[in-house]
Amino acid sequence: MKIAVIPGDGIGKEVMKEALLVLETLQELEEDLSVDTTIFDWSSDNYMRTGKMMPEDGLSILSEYDAILFGAIGDKRVPDDVTVWELIMPIRKQFNQYVNFRPVKSLPGITSPLVRADNIDFAIFRENTEGEYSNSGGRLYMDKPQELAIQNTVMTKTGITNIVSAACDYALKYGKSTVTSATKSNAVIHTMKFWDDCVAEQMKKYPELQLQSYYIDALVAYFIERPQEFEVVVASNLFGDILSDLGSAVIGGLGLSPSGNINPERIYPSMFEPVHGSAPDIAGRGIANPIAQIWSLALLLGHLGRTDLEKVIVTAIEQVLEAGEVKTADIGGAATTAEMGAAICEAVKSC
Ligand code: NAI
Ligand code: MG
C-alpha cells in the first residue's frame, strides 16, 4: 500500500512522528508488510516559502496514493481560512470524501471529570463536502454602516442521502439500532427542513433502524448528560464538526480522537487525521498526546483492508492507558509525546 503522509504544522509534525514509528514497528513484526510512505511538507512553512499550501499539481500527486495520513495544520503566520481552504478542503472535496467518520469510544484509565460514563461507544457521521462549509456568499458595503455578510449553505439531496446511507450501513454492520440526526429545522427553515426530509426518506430504506431526530442545541446537552445512549449520529458539516469536538471531550479530550475522511466508493484516496488541530498553545514542547494520530493510522490500515492491524493498534493504545503508567499532560500525566509513542510501540509488539 502507498500512503501519502502530510504532517502539517505545530503538533501535527510531533504526533505524526510517533504514528510513523508505530507503522515501522508493525513492519518489523511483519516483514512482508508492504507499505510505502512518502512525506509531503505541505504546511504553513511551505506557504511561507512558496506562497502555496500545496503545489499546483498536489491533488494529482495525492491521487496516486491508496490513502493519506494527515497531521494538523494551522499556524499564526497564515490565516486559518487559507490553511483550511487551500489544503484540507480541496482534498476532502476533490476526492469526494463525503463521509467524515469520527468514532467516540470510552477508553480505560481516563479520569477527566467530563468523562461521564465508561461505556460510551458511538460514531459520528459528518457530511464532509458541502453544507455550511461552502464558499458561496460574500461581504458587501465594506467599512460602511450597512456592511453585511452572506454565507450560503449548500445542501444537495445526493449529499444528504450519501451521508445517511453511510451512517445506516455502518449501523447495520455493527448491530446498532438507532441513528440520531442533528437538525435545527425549527429555525433554519430551508436547508435544515430539507435535511430532515432527505434523512427521513433515506431512512425508510432501512426499516431495521430507528431514526431519532434532535435539535442541535438539545443534542449537545444530551451528549454531556447521557453520551452512552447514542449509537450512530449523522450530522451536517458544521453540526458534525462541533459535535465531534464535544464527543472527544466526553471521552477525555481531543488528544484521543481520530477521524477518517472517507470516499466509500474507493474511487479516490481517503484521508485519516486526528480531530484536533495544530495546538499552537503546546506546539514545540513535545507534550502533545499522539494517540489521536496513531489511532488515525489504525483507521487508515483498517480502511485498506488490514482490520487486524487496526485492532492491534487500538488494543495497544487501550493497554497503555489501562496500565496508566504513561500518560501525557492532557490526560493527567507527565509523559512526553515520544514516551507515549514508545509505550504504544512496545505494546504493539506484544499484541
Ligand atoms: P486545537 O485542536 O489545535 O486545540 C484545542 C485545545 O486542545 C488546545 O488547548 C490544545 O492544546 C489541545 N489539544 C489538541 N490536540 C491535542 C493533543 N494531541 N494533545 C494534547 N492537547 C491537545 O484547536 P484550536 O486551538 O481551535 O486551533 C488551533 C489551530 O489548529 C488553528 O490554526 C486551527 O485552524 C487549526 N485546526 C486545524 C485542524 C485540522 O488540521 N484539521 C482542525 C482544527 C483546528
Ligand atoms: Mg473541528
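**Close-up views of a predicted model**

**View 1. Surroundings of M16.** M16 touches V5, P7, G71 and Q293, leaving aside residues up to four places away in sequence; contact here means that the C-beta atoms of two residues, placed from the backbone, lie within 7 Å. The model is predicted: local features need pLDDT of at least 70, side-chain atom pairs count only at pLDDT 80 or more, and totals for chains, interfaces and linings use all residues. Residues are numbered from 1 along each chain as its sequence is written, while chains are lettered from A and ligands numbered from 1 in the order in which they are written. M16 belongs to helix α1 (residues 11-29); helices (H or I, at least four residues) and strands (E, at least two) are DSSP runs, numbered from the N terminus. M16 counts as buried because it has 26 C-beta neighbours inside 10 Å; the cut-offs are 20 or more other C-beta atoms within 10 Å for buried, 12 or fewer for exposed, and partly exposed in between. I294 is 278 residues from M16 along the chain, yet their C-alpha atoms are separated by 7.7 Å.

**View 2. Surroundings of R77.** The loop between β3 (67-72) and α4 (80-94) holds R77. With 10 other C-beta atoms within 10 Å, R77 is exposed. Residues up to four places away in sequence aside, R77 touches S44 and M48. Between R77 and D45 the C-alpha to C-alpha separation is 8.9 Å, at 32 residues apart in sequence.

**View 3. The open sheet.** The order of the 10 strands in this open sheet is β2-β1-β3-β12-β11-β4-β5-β10-β8-β9, with mixed pairing; two strands pair if DSSP finds at least two bridges between them. β2 (36-39) and β9 (210-215) are at the edges with a single partner strand each, so one side of each has no neighbour in the sheet. From one strand to the next, the twist averages 20°. Strands β8 (residues 178-183) and β10 (residues 232-235) pair in the parallel sense over three bridges. In β10, V234 is the residue opposite S181.

**View 4. Helices lying across the sheet.** Helix α6 (residues 191-203) lies across β8, β9 and β10 and runs at about 165° to β8. Axes are lines fitted to C-alpha atoms, for helices over the stretch in contact, and angles run from 0 to 180 degrees between N-to-C directions. Helix α7 (residues 216-225) lies across β8 and β9, at about 105° to β9.

**View 5. Packing of α7 with α8.** The axes of α7 and helix α8 (residues 237-251) come within 10 Å and cross at roughly 15°. The two helices, α7 and α8, are therefore roughly parallel to each other; angles under 35 degrees count as roughly parallel, over 145 as roughly antiparallel, 65 to 115 as roughly perpendicular and the rest as oblique. On the α7 side I216, V220, F223 and I224 meet F239, L243, L246, G247 and V250 of α8.

**View 6. Packing of α9 with α10.** Helix α9 (residues 291-303) packs against helix α10 (residues 307-323) at an angle of about 160°, with the axes 7 Å apart. α9 and α10 are therefore roughly antiparallel to each other. α9 contributes I291, I294, W295, L297, A298, L299, L301 and G302 to the contact, and α10 contributes T307, L309, E310, I313, V314 and I317.
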